[in-house]
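Dear colleague,

I am passing this structure on to you, and below it I have set down what was found. Please read the notes with the model open beside them.

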Amino acid sequence: MGRGKIEIKRIENASNRQVTYSKRRNGILKKAKEITVLCDAKVSLIIYASSGKMHDYCSPSTSLVDILEQYHRQSGRRLWDPKHENLSNEIERIKRENDRMQIKLRHLNGEDISSLNPKELIALEDALENGLVSIRDKQSEKMERMRKNRQQEIARQQQELAMENSVSAEIDNYQRENHHDYAYHVQPIQPNLQERI
């Protein structure tokens with residue numbers, strides 16, 4: 001018995017929807033691979049899940065860029081406008097700049113400097129010396145700030161100590177001025193306590 005036809009509409013149950021997506025995605029990827037092998041076709045397939053996760057396939061004999069270029073030529077339509085091409089050029093420029101910066105960083109770390117000419121080595125040495133001077137200046141500023149903070153902390157502690165000493169002296173003076181010699185005698189309530197002492 002064959003399977004009955006199902007109505008093609010959105011599956012409401014999230015769990016069932018995920019299972020169906022996974023099975024059908026695997027099925028369509030399998031079919032793309034089969035048509036590539038059986039018919040020597042150039043196939044590119046991109047699938048995005050509702051979660052945003054991407055799955056893709058491209059025939060081993062080509063690339064997605066080649067397929068898109070061929071599509072542009074044959075359909076006469078562009079999938080992106082010049083603004084996106086400018087963005088692509090900007091990305092390429094930033095990548096080149098990043099590569100230059102990586103090389104410069106390696107040179108500053110003393111790596112790959114054998115390829116530099118004497119003029120470049122002198123410029124590198126100057127840059128390192130300037131950097132060292134800057135670091136020393138920053139270090140001196142930080143040490144000076146730490147010294148000032150420590151002095152302020154010591155001054156604050158001395159003020160607190162002086163205040164404590166002043167309060168303690170005032171208490172001592174008060175006690176001396178108001179001290180009377182009273183004789184205190186314990187009078188036991190029970191007469192037998194006196195005998196035990």
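**Salt bridges along the helices**

Glu-153 and Arg-156 both belong to helix H4 (residues 118-177), where they sit three residues apart, about one turn of the helix; helices here are DSSP runs of H or I with at least four residues, and strands are runs of E with at least two, numbered from the N terminus. Please keep in mind that this is a predicted model, in which local features need pLDDT of at least 70 and side-chain atom pairs count only at pLDDT 80 or more, while totals for chains, interfaces and linings use all residues. Residues are numbered from 1 along each chain as its sequence is written, and side-chain values use heavy atoms, with hydrogens and water left out.

The side chains of Glu-153 and Arg-156 form a salt bridge, at 2.4 Å from N to O (a salt bridge being a side-chain nitrogen of Lys or Arg within 4 Å of a carboxyl oxygen of Asp or Glu). Arg-156 also meets Glu-160 in a salt bridge, at 2.5 Å from N to O, and these two residues lie four residues apart in H4, again about one turn of the helix. An α-helix has 3.6 residues a turn, so residues three or four places apart point the same way.

As for accessibility, Glu-153 counts as partly exposed because its relative accessibility is 27% (buried means under 20% relative accessible area, exposed over 50%, and partly exposed in between, with a 1.4 Å probe and protein chains only). Arg-156, at 36%, is partly exposed, and Glu-160 is partly exposed at 40%.

In helix H3 (residues 82-108), Lys-95 and Glu-92 lie three residues apart, and they form a salt bridge whose closest N and O atoms are 3.9 Å apart. Lys-95 is partly exposed at 47% relative accessibility, as is Glu-92 at 38%. The structure holds nine salt bridges.

**Helix H2**

The twelve residues of helix H2 (residues 64-75) should span 16 Å at 1.5 Å a residue, and this agrees with its end C-alpha atoms, which are 16 Å apart; the expected span is 1.5 Å times one less than the number of residues. After H2 comes Gly-76, whose phi is positive, near 75°.

With regards
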